[in-house]
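Hi there,

Here is the structure I promised to pass on. Have a look at it first, and my notes follow below.

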Amino acid sequence: MPFIQRILASLVVLTGLCLPVQAAEGATVLTVEGQFDGGRRSFSLAELEALGTQTFTTSTPWHDGKVTFEGVAFARLMEVLKAQGDTAEVTALNAYSIDVPVDDLVTNKAILALKRDGQYMPVSDKGPVFIIYPFDADPALNTEVHYSRSVWQVRSIALR
Ligand SMILES: Nc1nc2c(c(=O)[nH]1)N[C@H]1C(S)=C(S)[C@@H](COP(=O)(O)O)O[C@H]1N2
Ligand SMILES: [Mo]
């Protein structure tokens with residue numbers, strides 16, 4: 001095969017290999033609706049990360065030892081959207097849903113975690129978005145109330 005054809009063939013193969021990755025990169029992982037301009041916003045992982053992330057290390061009921069989470073502070077999301085609302089109705093991929101007071105998420109510095117120990121979390125590992133509190137920061141967070149508010153596989157948030 002002539003050199004130029006080989007190059008072109010390689011490009012076709014490479015493009016094919018890259019497409020699924022790109023699709024995954026641009027895919028919506030979180031939809032937020034409620035009282036803010038436009039009323040509805042969808043975010044890909046990259047768009048969430050672009051809001052700025054925070055990192056903390058904590059133990060949780062779901063992991064052995066301490067783990068490090070990186071994600072977007074819930075307060076930052078509210079700030080970016082200029083959203084109003086006292087309650088966040090958080091819904092997961094498995095249709096688990098719970099109403100969480102916005103004030104609780106903000107005051108206790110909950111984050112929409114995107115990475116655990118430096119790695120993106122697959123759906124099979126409580127990802128891609130996991131609302132997590134810095135449990136070690138305050139003993140009062142270590143009750144069923146905040147465990148139930150730690151929603152993994154978050155799909156959408158409605159601010160009401
Ligand atoms: N996506 C998702 N997150 C969830 C739940 C769920 O069913 N689905 N259960 C919640 C509740 S009510 C509690 S108490 C804890 C339970 O965690 P466990 O099932 O590991 O005990 O996770 C919370 N986060
Ligand atoms: Mo629970």
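A helix here is a DSSP run of at least four residues, numbered from the N terminus. Please keep in mind that this is a predicted model.

With that in hand, helix H3 spans residues 74-81 and holds both glutamate 79 and arginine 76, three residues apart, or about one turn of the helix. These two form a salt bridge, with 2.3 Å between the closest N and O atoms. Arginine 76 is partly exposed, at 32% relative accessible area.

In the whole structure, the search turned up seven salt bridges. Glutamate 33 takes part in one with arginine 40 (3.4 Å, N to O) and in another with arginine 160, where the closest N and O atoms are 4.0 Å apart. Glutamate 33 is partly exposed at 32% relative accessibility, while arginine 40 is exposed at 54%.

Now to the ligand. Which residues are around ligand 1? They are Trp62, Ala92, Asn94, Tyr96, Glu144, Tyr147, Ser148, Ser150, Val151 and Trp152. Six of the shell residues are nonpolar, three polar and one charged, and helix H5 supplies the largest share, three residues. A polar side-chain atom of tryptophan 62 is 2.8 Å from a ligand 1 oxygen. On the backbone side, a polar atom of tryptophan 152 lies 2.7 Å from a nitrogen of ligand 1. Of the 530 Å² that ligand 1 exposes when taken alone, the protein buries 65%.

Best wishes

Methods. Residues numbered from 1 in each chain as written. Chains lettered and ligands numbered in written order. Predicted model: local features only at pLDDT ≥ 70, side-chain atom pairs only at ≥ 80, totals over all residues. Heavy atoms only, no water. Near = heavy atom within 4 Å. Polar contact = N/O pair within 3.5 Å; in protein donor to acceptor, adjacent residues only side chain to side chain. Areas by Shrake-Rupley, 256 points an atom, 1.4 Å probe, with all protein chains shown as cover. Helix = DSSP H or I, 4+ residues; strand = E, 2+ residues; numbered from the N terminus. Nonpolar A, V, L, I, M, F, W, Y, C, P; charged D, E, K, R; others polar. Salt bridge = Lys/Arg side-chain N within 4 Å of Asp/Glu carboxyl O. Buried < 20%, exposed > 50% of the residue type's maximum accessible area, 1.4 Å probe, protein only.
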